[in-house]
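I am opening a notebook page for this two-part look-up. The model goes in first, the entries after.

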Amino acid sequence: MELVEAIILAVLAASTPLLIAATGELVTERSGVLNLGVEGMMIVGAACGFAGAWLTGSIFIGALFGIVAGTLMSLIFALMALGLAVNQVATGLALTILGVGLSGLIGARFVGERITPAAHLYIPGLTDVPLIGRVLFGEDAFVYFSLALIVAVWWFLYRTRPGLILRACGDSHVSAHALGYPVLRIRTFAVMFGGACAGLAGAYLPLAYTPFFIPGMTAGRGWIALALVVFSSWRPGRLVIGAYLFGAVTILQLHAQGWGVGIPSQFMSALPYLATVIVLVLLSRARTGGSTAPAALGTVFVPDR
Amino acid sequence: MQVHQRMLDPTTNGLHSGETPLLRTIGLTKRYGDFLANDSIDIDIWPKEIHALLGENGAGKSTLVKAIYGLIQPSAGEILWKGQPVALSGPSEARSRGIGMVFQHFSLFDNLTVAENVALGLDGRESFKDMSARLEQVSKTYGLPLDPKREVWQLSVGERQRIEIVRALMQDPQFLILDEPTAVLTPQEADQLFIVLERLKAEGRAILYISHKLEEVKRLCDTATILRGGKKVETCNPRLETAASLARMMVGGEIKEVKAAAGRQTTVPRLVVNDLSLAPSEAHGVRLEHISFELKGGEILGIAGVAGNGQDELFAALSGERLSKDPGTIVIEGLAAGHLSITQRRKLGAAFVPEERLGHGTAPRMKLSENALLTGHAASGMVHHGFIDTAATLKTVDRATETFDVRKAKRDPEAASLSGGNLQKFIVGREILRNPAVLVVSQPTWGVDAGAAAVIRQALLDLATAGAAVLVTSQDLDELAEIADRIAVMFHGHLSAPLATKEATREKLGLLMGGSSLEPKEAAHAVGA
């Protein structure tokens with residue numbers, strides 16, 4: 001029983017950064033922008049988040065540092081891809097390369113340092129309930145925040161007018177412009193939100209997952225977050241399921257190796273990507289018309305004035 | 001002629017004396033670099049007026065209405081709204097002042113619902129629920145039925161336009177701009193639209209109506225302003241003009257009349273379709289049901305019908321974009337071709353011009369010479385031993401340019417940089433220069449100005465005269481009447497028996513387009529019902 005509980009806790013911890021980063025990217029892509037720089041924004045968020053927490057001794061300030069760092073990174077992307085209408089794929093890839101280098105530079109000073117990781121909730125009685133107590137009432141703040149965030153994003157996208165306008169920009173920037181909506185401004189905000197989420201997701205790693213910073217510690221989670229958005233077919237509900245599924249696969253493959261299951265670890269690591277491909281195939285088969293992806297995704301928009 | 005004079009200067013017009021126009025532009029100018037899209041345009045719009053804005057593609061109509069709707073800022077000149085100068089910062093300001101617009105290329109969102117689309121066109125001061133209720137009410141009042149919950153991609157073109165119009169009406173505009181609203185409508189749908197417009201006029205609103213269809217303008221509009229090359233040429237009463245005189249003002253000269261050569265001979269059957277049935281490729285496509293016809297050399301067969309009744313599917317089956325299991329269902333030049341690919345069919349002498357100019361007829365971001373190669377590589381000597389003969393592809397562009405008067409900025413620009421009419425002339429020209437035995441062309445003059453349309457129609461007639469078999473799918477009945485020898489109608493995937501053009505009255509075609517069958521003696525084997 002304790003093993004099951006330990007596995008569930010590990011899965012939640014592994015899924016949370018995926019969920020936060022993917023939530024941000026989902027909003028970005030829903031506005032019609034494809035930012036492939038999630039990995040880069042995450043790793044800079046990780047380095048800055050750790051630096052903030054180590055310097056101030058506050059996890060909260062560390063998280064803020066991560067958010068600000070991710071947002072600043074996303075502004076570089078916004079300047080290039082929206083302001084100067086550069087190809088979004090190329091800009092996103094460049095952002096990742098930049099982020100990996102930058103985080104090494106910022107984090108070099110902190111390699112080998114340790115901090116006290118984010119505290120876990122403890123409610124006497126509730127948290128002590130066997131099996132589910134710690135899972136439901138003993139998580140760190142990031143876990144609860146990530147779930148609140150995705151609910152808020154769902155509500156924003158489907159229940160508010162700004163959310164409708166954002167989705168409209170992702171469906172047809174030409175129409176949105178013709179109706180007088182400031183497409184580029186809306187997209188810039190969406191990109192910034194994506195950057196803030198990626199930065200926070202990155203900061204989660206040294207602040208809560210492991211209490212130290214090592215270069216390259218995001219280890220491809222940004223790419224998984226990108227795959228997750230596609231996996232979820234751009235819907236918040238499916239995103240939660242996908243994030244926990246992917247988190248579970250990551251953890252289970254570790255345990256599988258521990259139990260001596262004779263499957264190469266590389267194959268297990270590739271499972272999330274394989275799952276994405278399969279989901280994409282199934283979605284395209286089930287498709288009855290219209291498009292699952294935001295129709296304007298990744299296209300450059302230059303308004304005429 | 002007295003009335004005509006009055007209309008030239010509406011400020012002294014007895015009808016409007018003592019009033020200010022609803023909207024007036026004074027010296028409105030829009031400059032893009034060195035190019036003057038609008039050159040000092042003065043126009044007056046009065047309440048209770050349907051005002052036509054005429055001009056060829058590139059005459060500056062769209063620029064003018066975009067400036068009036070606040071989408072672009074004029075470089076010089078003034079816009080007066082109810083006598084007061086206004087600077088419109090954007091469409092939402094225009095809307096709040098009472099200016100509405102229905103775009104030619106709909107400003108709709110395919111993956112959003114009708115209600116969401118309407119909400120996006122409003123300023124969001126009422127709740128979504130109230131808006132939905134009002135949407136239902138407005139669509140009922142004006143007889144424009146809409147289902148608010150459906151997503152736009154599921155709707156026909158006519159329904160999409162209804163969304164645009166209802167959306168504009170929900171702002172209760174005093175002035176409504178319509179950019180080529182009937183270009184995509186059937187005659188019956190257009191008639192319904194005219195009823196709505198007459199009603200809006202009776203309610204005291206003003207309408208600015210952009211159209212290429214001059215008969216329609218004569219029937220509907222009280223005033224017409226004609227633009228040419230960015231300048232205002234004339235303001236007149238279209239009811240006192242003829243279609244020909246209006247066209248002269250638009251073009252600045254005579255439009256060549258489309259003429260069929262006398263004594264055109266029909267020869268052997270060159271395109272035969274035998275009992276072609278084909279399941280749709282997408283969930284919302286149309287199934288082709290037992291389509292049969294025979295098309296001889298020297299003959300033009302027109303296919304009429306409301307869009308979305310299987311014309312696209314028929315084109316795909318004829319062009320080889322979709323293959324038929326039974327090769328014998330499509331016979332080109334006497335050879336069973338139902339199973340052959342597009343390239344193999346081209347080698348048999350067939351040529352195809354699809355409806356969509358950008359993205360189907362041409363690759364938008366590729367040069368014209370590359371686009372020429374895309375359809376000509378198999379049978380036009382542009383490829384030698386696997387290598388592209390660049391000189392030959394350029395020569396094709398030059399020949400098409402010369403023969404069909406394609407106007408473009410440089411010798412070999414990107415396809416997307418050409419205006420619609422010029423690109424269509426290039427595409428049709430590219431296929432005709434291959435001397436096809438069979439030409440299948442879909443909507444040859446959709447959204448093309450009068451001059452270019454005349455060139456294209458004449459080219460199709462000349463091709464038939466030279467002995468080719470030509471199949472034209474069009475929603476423009478006047479166009480089919482002008483060039484086709486026989487006209488058949490598509491409805492729900494069935495093709496009616498062709499009628500000789502002389503006998504194909506608008507009423508008969510309208511009945512077939514609505515799915516009714518004709519009297520047995522007139523079309524005994526019609527399968528349209």
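Which residue in E8(B) does Asp179(B) stand opposite? I find Asp179(B) opposite Ile210(B).

**Entry: conventions.** This is a predicted model, in which local features need pLDDT of at least 70, side-chain atom pairs count only at pLDDT 80 or more, and totals for chains, interfaces and linings use all residues. Residues are numbered from 1 along each chain as its sequence is written, while chains are lettered from A and ligands numbered from 1 in the order in which they are written. Helices (H or I, at least four residues) and strands (E, at least two) are DSSP runs numbered from the N terminus.

**Entry: the sheet with E8(B).** I looked up the pairing first; two strands pair if DSSP finds at least two bridges between them. E7(B) and strand E8 (residues 206-210) of chain B are parallel, with five bridges. They belong to an open sheet of six strands, ordered E6-E7-E8-E3-E9-E10 (chain B), with mixed pairing. E6 and E10 of chain B are the edge strands, each with a single partner strand, so one side of each has no neighbour in the sheet. From one strand to the next the twist averages 20°; axes are lines fitted to C-alpha atoms, for helices over the stretch in contact, and angles run from 0 to 180 degrees between N-to-C directions.

H7(B) lies across E3, E7 and E8 of chain B and runs at about 145° to E8(B). Helix H9 (residues 243-251) of chain B packs on the sheet by touching E3, E9 and E10 of chain B, and its direction makes about 35° with that of E9(B).

**Entry: strand E9(B).** I asked how many residues of strand E9 (residues 223-228) of chain B are buried. The count is five of its six residues, where buried means 20 or more other C-beta atoms within 10 Å of the residue's own, exposed means 12 or fewer, partly exposed is in between, and C-beta atoms are placed from the backbone. Strand E3 (residues 50-54) of chain B runs parallel to E9(B), joined by four bridges, and Leu54(B) stands opposite Ile226(B). On strand E10 (residues 231-236) of chain B the pairing with E9(B) is antiparallel, over five bridges; Thr225(B) stands opposite Thr235(B) there. E9(B) and E10(B) make a hairpin with two residues between them, and Gly229(B) in the turn has a positive phi of about 55°.

**Entry: two helices of chain B.** Helix H6 (residues 157-169) of chain B has 13 residues and reaches 18 Å from its first C-alpha to its last, close to the 18 Å expected; the expected span is 1.5 Å times one less than the number of residues. Its buried residues include Arg162(B), Glu164(B) and Arg167(B). Among the elements covering the buried residues of H6(B) are helix H4 (114-121) and helix H5 (128-141) of chain B. Helix H12 (residues 368-376) of chain B has seven of its nine residues buried, so it is largely enclosed by the rest of the structure. Helix H13 (390-404) and helix H14 (420-432) of chain B are among what covers the buried residues of H12(B).

Entry: I noted a four-strand open sheet, E12-E11-E14-E15 (chain B), with antiparallel pairing. Strand E12 (288-296) and strand E15 (335-336) of chain B are at the edges, each with a single partner strand, so one side of each lacks a neighbour in the sheet. Helix H10 (residues 311-319) of chain B packs on this sheet, touching strand E11 (269-278), E12 and E14 of chain B, at about 60° to E12(B).

**Entry: chain totals.** Chain B comes to 17 helices and 23 strands. Its radius of gyration is 24 Å, close to the 24 Å from the globule rule for 529 residues, so chain B is as compact as a globular protein of that length; the radius is taken over C-alpha atoms, and the rule is 2.2 Å times the number of residues to the power 0.38. Buried residues are 48% of chain B. Chain A has 12 helices and zero strands, and 47% of its 305 residues count as buried.

Key
Contact = placed C-beta atoms within 7 Å.
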